[in-house]
Amino acid sequence: MSTSNPYETTKLVNEYLLFHYGTPEEILPYPDGPTAALDFAERAVTEMFDLDRLPNDARALDVGCAVGRSSYTLSRVCQEVIGIDFSHAFVEAARSLGVLGEAPYERVDEGRLTTTLIARLPVGSRPKHVQFEQGDATALRRDLGTFDAVLLANLICRLPQPNQCLNRLQDLVKPGGQLVITSPYTWLDEFTPSENWLGGFEHTEDGPIVTIDALQAALAPHFELKTRRNLPFLIREHARKFQWSVAEGSQWERI
């Protein structure tokens, strides 16, 4: 599993299995660490969607699902969940977990020292209600149908053409349905050519352009912004190195 795409490597699959399914003790052994940043893939669902408003037969779409934790969390309250990711390796890891109920992976501790851990499905999840597929968020298949809940978690600033993804959303979210977008807005040329950035630059006439304003412009008039909140998250690289970031979460209602 070695390719030029980092999201196809064993290293990244292991890091994301830990990020999604690791217990607080497995990820962060320091009591004075940023514990509020743990369980991001769970919180992106439970803190950002109004789950009580979803119908009994709700359909959910998780675009950029990675190794699947948010998809499985949505399955607690949705009859059908589709998780889509560009990484074949991530999709296979998510599928395997659904079939077997658990999956071993390696956590890096220091250098070549590792610990074998077990990823387990979140309590209450219904794997038979979830399907995963490899796909491109900027060219989603046309026969997906419509959904009551759509999640784009930490995706838009990793797309070469984010507006192509945003332009599909009006067709994917049912009227009255919920859209949640989270992102730390880390715009980098290696993922997104600068001419396609949604924010993070100066405009000669309009001054500084920030991403949330660009999202509002792109999603209007089909969506109404309902809530915004900060969602910290923590990715462990090894026992003494972590990536601490703060995504902005925004919840939108399809008009």
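**Entry 1, the second largest pocket.** I began with the second largest pocket and found its lining to be Thr10, Lys11, Asn14, Glu15, Leu18, Tyr105, Glu106, Arg107, Val108, Thr114, Arg236 and Glu237. The model is a predicted one, in which local features need pLDDT of at least 70 and side-chain atom pairs count only at pLDDT 80 or more, while totals for chains, interfaces and linings use all residues. Residues are numbered from 1 along each chain as its sequence is written, and side-chain values use heavy atoms, with hydrogens and water left out.

I noted what a pocket is here: on a 1 Å grid over the protein atoms alone, it is an open set of points where a 1.4 Å probe fits, with protein on both sides within 12 Å along at least five of seven lines. A lining residue has an atom within 4 Å of a point.

I looked up the space in this second largest pocket and got about 160 Å³. Such a volume is the space filled by probe spheres set on the points, with grid points joined across faces, edges and corners.

Next I asked which elements supply at least two residues each to this lining. They are α1, β3 (102-110) and β10, and α1 gives the most, with 5 residues. Helices (H or I, at least four residues) and strands (E, at least two) are DSSP runs numbered from the N terminus.

By class, I wrote down 3 nonpolar, 3 polar and 6 charged residues for this lining. Nonpolar covers Ala, Val, Leu, Ile, Met, Phe, Trp, Tyr, Cys and Pro; charged covers Asp, Glu, Lys and Arg; the others, Gly among them, are polar.

I picked one of the lining residues, Asn14, and found it in helix α1. Is Asn14 buried or exposed? Asn14 has a relative accessible area of 16%, so it is buried. The cut-offs are under 20% for buried, over 50% for exposed and in between for partly exposed, with a 1.4 Å probe and protein chains only. Leaving out residues up to four places away in sequence, Asn14 touches Tyr105 and Glu106; contact means heavy atoms within 4.5 Å. Both of these partners also line the second largest pocket.

I then turned to the largest pocket, which holds about 1000 Å³ of space. Its lining has 40 residues, and Tyr7, Tyr16, Asn154, Arg158 and Phe191 lie nearest its centre. The elements that give two or more residues to it are α1 (10-21), α3 (40-46), β1 (59-63), β2 (80-85), β10 (223-238) and β11 (241-254). Helix α1 comes up again, with the largest share, 5 residues. My class tally for this lining reads 23 nonpolar, 11 polar and 6 charged residues.

I stepped back to see the fold as a whole: 8 helices and 11 strands. The radius of gyration is 18 Å, close to the 18 Å that the globule rule gives for 255 residues, so the protein is as compact as a globular protein of that length. This radius is taken over C-alpha atoms, and the rule is 2.2 Å times the number of residues to the power 0.38. I also noted that 51% of the 255 residues are buried. Of the contacts between residues at least 6 apart in sequence, 70% join residues at least 24 apart.

I found Leu166 in helix α6 (residues 162-166). Leu166 has a relative accessible area of 2% and is buried. What does Leu166 touch, not counting residues up to four places away in sequence? Its partners are Ile156, Ile181, Leu198, Leu215, Ala218 and Leu219. Leu219 is 53 residues away along the chain, yet the two C-alpha atoms are separated by 7.1 Å.

A reminder to myself: most residues other than glycine have a negative phi, and most peptide bonds are trans. I spotted a cis peptide bond joining Ala220 and Pro221, with omega about 5°. Pro221 sits in the loop between α8 (211-219) and β10.

I also looked up two positive phi values. Ala66 has phi near 55°; Ala66 is in the loop between β1 and α4 (69-74) and is buried at 7% relative accessible area. Tyr185 has a positive phi of about 55° too. I located Tyr185 in the loop between β7 (173-183) and β8 (201-203), and at 22% relative accessibility Tyr185 counts as partly exposed.
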